[in-house]
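Subject: Structure for you to look at

Hello,

Please find the structure below. My notes on what turned up in it follow.

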Amino acid sequence: MTRQKSFLNETRTLYLVATPIGNISDITIRALELLKSVDIIYCEDKRNSLKLLTHYNIKVPLKSYHEFNKEKASKTIIEDFNKYQKIALISDAGTPVISDPGYELVKILIEKEFNIVSIPGASAFLSALIVSGLETKPFIYYGFLSEKETKRKSELENLRYQKMTLIFYEAPHRLKKTLTAILEVLGNRQIVIARELTKKFEEIIRGTANELLMIEEDLKGEIVLVVEGNKDLPDFSAITIEEHVKSFIKDGLTKNEAIKKVAQERNIPKNEVYKKCLNKDN
């Protein structure tokens, strides 16, 4: 167990600072003050971050930390902490570590007993959720689905029986493929496309999967998909878990396949189903 009193010690600190997701004004006063006070700022793309820092007259040195150099950059950050007390990590847009590299770095620094402090601010998926009109709690933030069609459908299959609202990020060129996969796997659910959030051409499109697939033009910009949770979950109260598993085995599935399927349909951990079957076998 560890306990971090973030502002009551002199421990070296990594600040995770949220930046605007589109509108450059969407940054907190605290974030600006913090960025001006740190020794170094690590960012995804120096060109993007420099625009923000220049706009607010922040003249702190920039270094790169992104998906393709994260292992090397993590070592550099640790070395920098031998010289400096305060380092900030920002992403190109929004809250760092969410759908951006940084988790591994945070984990390493926690193990080294450094402070990790969040400076909150803009978040695209939360902005999309609260304007969606769909249930805001509970929800699952998933991030990007796989680029590969087979894996993408498998990921959606694992989410099929979730009652919670589902939130995905998506690239414009993959949007129709993802909507098609959602329709095929999850059914014709209510979906909200939130694109270009906070920017001049912000657009919120609400409709069913079928309706959204009828949009002829290619939608551009940063896209968040908010998908209605499963509202048609079957009632399994009349059948035990063991009987449920046996019914799938009779249909030709292996025992492991049947256990996985039952866990998905009942929205319970696979391990719970396995234990029930194990106890029954014994």
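Helices and strands are named here from DSSP runs (H or I, at least four residues, for a helix; E, at least two, for a strand) and are numbered from the N terminus. This is a predicted model, in which local features need pLDDT of at least 70 and side-chain atom pairs count only at pLDDT 80 or more, while totals for chains, interfaces and linings use all residues. Residues are numbered from 1 along each chain as its sequence is written, and side-chain values use heavy atoms, with hydrogens and water left out.

Backbone points

Ser99 sits in the loop between β4 and α4. Its phi is positive, about 60°, although Ser99 is not a glycine. Ser99 is partly exposed, at 38% relative accessible area; with a 1.4 Å probe and protein chains only, buried means under 20%, exposed over 50%, and partly exposed in between. Glu196, in the loop between β8 and β9 (203-208), also is not a glycine and has a positive phi of about 55°. Glu196 counts as buried, with 16% relative accessibility.

The peptide bond from Lys137 to Pro138 is cis, with omega near -10°. Lys137 is in the loop between α5 and β6 (139-144), and Pro138 lies in that loop between α5 and β6 too. Lys137 is exposed, with a relative accessible area of 68%.

Cores

A nonpolar core is a set of buried Ala, Val, Leu, Ile, Met, Phe, Trp, Tyr and Cys residues joined through side-chain atoms within 4.5 Å. The largest has 22 residues, and Leu156, Phe168, Ile191, Ile193 and Leu225 have the most contacts inside it. Elements giving two or more residues to this core are α6 (149-159), β7 (165-170), α7 (175-186), β8 (190-195), α8 (209-213) and β10 (223-227). The most, 6 residues, come from α7. Another core lies apart from this one and has 20 residues, including Ile27, Leu35, Leu53 and Ile119.

Aromatic pairs

Rings of Phe, Tyr and Trp (its six-membered ring) pair if their centres lie within 6.5 Å; planes under 30 degrees apart count as stacked, over 60 as edge-to-face and the rest as tilted. The whole structure has 6 aromatic pairs. Phe81 and Phe114 are edge-to-face, because their ring centres are 4.9 Å apart and their planes are at 70°. This pair links distant parts of the chain, 33 residues apart: Phe81 is in the loop between α3 (70-80) and β4 (86-89), and Phe114 in the loop between α4 (103-111) and β5 (115-119). Phe81 is buried at 2% relative accessible area, and Phe114 is buried at 7%. One aromatic cluster is formed by Phe125, Phe139, Tyr141, Phe144 and Tyr169.

Pocket

A pocket is an open set of points on a 1 Å grid over the protein atoms alone, with protein on both sides within 12 Å along at least five of seven lines; lining residues have an atom within 4 Å of a point. Points are joined across faces, edges and corners, and a volume is the space filled by probe spheres (1.4 Å) set on them. The largest pocket has a volume of about 910 Å³. Its lining has 38 residues, with Ile21, Asp92, Ala93, Gly94 and Glu222 nearest the centre. The largest share of that lining, 4 residues, comes from α2.

Regards
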